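Okay, thanks for making time, everyone. I'd like to walk through the side-chain packing and pairing in this one, so let me put it up on the screen.

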Amino acid sequence: MEEGSHQKLVDHLFRHEAGKMIAVLTRVFGIHNLGVVEDTVQETFLKALQVWRYGQLPDNPSAWLMRVARNQAIDLIRRQQKLADLSEELVSLIQSDTEYVIQQFFLDTEIADSQLRMIFTCCHPDLNREDQVALTLKTVSGFSIQEIARALVSSETTIQKRLYRAKEYIKKHSIQFEIPVGNALQTRLETVYIVLYLLFNEGYHSVKADELIRYDLCAEALRLCKLLAEHPQGSRPSTLALLSLMCFQASRFDSRIGEDNAIILLEQQDRQKWNQDLIQSGKYYLTQAATGEHLSVYHLESAIAAEHCLAPDFHSTNWQTLLFLYDRLLELKPTPIVQLNRSIILAQTDRLREAIDTILNIPDLDHLLNHHYIYSAVLGSLYGDAGETAEALRLLEKAYELTSSLAEKKRLAEKMKPYAGYCHK
């Protein structure tokens with residue numbers, strides 16, 4: 001295997017395995033030693049790159065990484081001068097057979113538990129909401145600083161400060177590495193949902209220039225959400241609704257991008273390519289979520305996704321039902337992106353001018369138009385449908401400049417083709 005291939009494999013594994021390794025090592029060393037944990041994980045991957053470069057690729061790279069991380073943990077513990085520097089749980093368990101105790105932490109069931117502990121610890125209520133989200137994306141899912149900044153619509157410098165602030169607070173206040181119970185669990189679940197939602201969206205609407213959909217991020221969000229749903233403390237209606245939403249959205253992956261890496265809009269997508277197993281899973285989890293009296297934004301968003309996935313073709317879509325669902329969603333989640341998506345549904349119900357006015361009434365629209373391409377792209381398309389060519393072209397050009405996605409640029413270029421030769425006045 002060539003060196004470049006080794007690097008790609010290590011990068012791929014880092015995305016899939018780093019969060020697991022950080023979680024289980026944090027259970028060993030304690031959340032106050034998160035810096036030591038991250039250094040250990042980094043050293044493990046550097047060792048993998050060095051060893052595998054010479055052709056010594058193991059049959060099971062993931063297991064190899066876990067084994068090396070485990071051995072490094074054992075070596076570090078044996079060199080510790082004070083057991084108090086480790087996690088309280090480990091100190092209470094260690095008698096004479098350190099290696100055996102550590103090995104138990106690396107069992108599959110314990111790794112899953114450690115990941116949930118990490119998620120809930122990062123979402124501790126004493127941390128700022130923004131710090132909770134940033135720290136979870138970094139430690140649990142291996143997001144880079146740049147990816148977190150874009151997912152949270154922030155700067156890299158700000159994200160670095162958030163991570164530093166969160167880690168220092170955890171260390172200073174001896175935050176416990178645990179899954180909370182009772183009321184404490186419910187207060188943290190909402191932040192956990194936000195993190196998983198952002199993780200999936202980052203994959204579904206990737207900011208990478210050459211990759212619209214990042215399957216690994218979406219798969220990670222699905223995995224963590226399923227992990228939460230299968231845990232007795234996490235199996236709540238909102239959890240199941242979020243998992244349902246992810247299944248419905250992921251079912252359309254194979255139809256969203258053409259062979260030339262161009263975006264295929266919903267109306268033109270080949271519905272034969274939609275993953276029926278995921279659609280059925282989405283239906284199952286949404287049905288399971290329909291208990292109790294609480295209606296969450298995830299219930300509504302999943303119901304919206306279901307309407308699209310279950311329609312036999314685009315023209316059979318029940319737009320009036322979708323508009324009703326968006327009206328309810330806007331009550332619970334009055335955000336610019338919900339208003340924008342609702343305007344698209346309005347346009348499908350022959351209320352084009354109302355759709356345009358809806359976007360024009362979004363607060364701070366000028367800022368959104370100048371910094372987030374999707375607003376200019378949608379508004380430009382609607383102006384084009386209304387026959388207002390000059391405004392349509394101006395906004396589509398703006399969207400083209402703002403997006404870094406090559407697939408989005410191709411789609412916008414196609415949108416502007418009918419206006420070729422038109423001159424701005």
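Quick definition before we start: when I say contact, I mean heavy atoms within 4.5 Å. This is a predicted model, so local features need pLDDT of at least 70 and side-chain atom pairs count only at pLDDT 80 or more, while totals for chains, interfaces and linings use all residues. Numbering runs from 1 along each chain as its sequence is written, and side-chain values use heavy atoms, with hydrogens and water left out.

So, what does leucine 242 contact, if we leave aside its neighbours within four places in sequence? Tyr193, Leu196, Tyr197, Cys225 and Tyr298. By ring pair I mean Phe, Tyr or Trp rings (for Trp, the six-membered one) with centres within 6.5 Å; under 30 degrees between planes is stacked, over 60 is edge-to-face, and the rest are tilted.

Leu242 also matters for the core count: along with Met118, Leu242 touches the most other members of the largest nonpolar core, which has 127 residues. A core here is a set of buried Ala, Val, Leu, Ile, Met, Phe, Trp, Tyr and Cys residues joined through side-chain atoms within 4.5 Å. Buried is under 20% relative accessible area, exposed is over 50%, and partly exposed is in between, with a 1.4 Å probe and protein chains only.

On to the charges. The structure has 15 salt bridges, each a side-chain nitrogen of Lys or Arg within 4 Å of a carboxyl oxygen of Asp or Glu. One joins aspartate 113 and arginine 27, at 3.9 Å from N to O, and both residues are buried. Compare glutamate 230 and lysine 226, whose closest N and O atoms are 2.4 Å apart. There, glutamate 230 is exposed at 54% and lysine 226 is partly exposed at 37%. Then there's arginine 351 with glutamate 354, at 2.9 Å; shared partners also tie Arg27, Asp113 and Arg117 into one network.

Back to rings: the whole structure gives seven aromatic pairs. Tyrosine 284 and tyrosine 285 sit edge-to-face, 5.3 Å centre to centre with 70° between planes. Which of the two is buried? Tyrosine 285, at 17%; tyrosine 284 is partly exposed at 48%.

Last one: the charged end of arginine 256 sits over the ring of tyrosine 204, 3.9 Å from its centre. "Over" means NZ of Lys or CZ of Arg within 6 Å of the ring centre and within 35 degrees of the ring normal.
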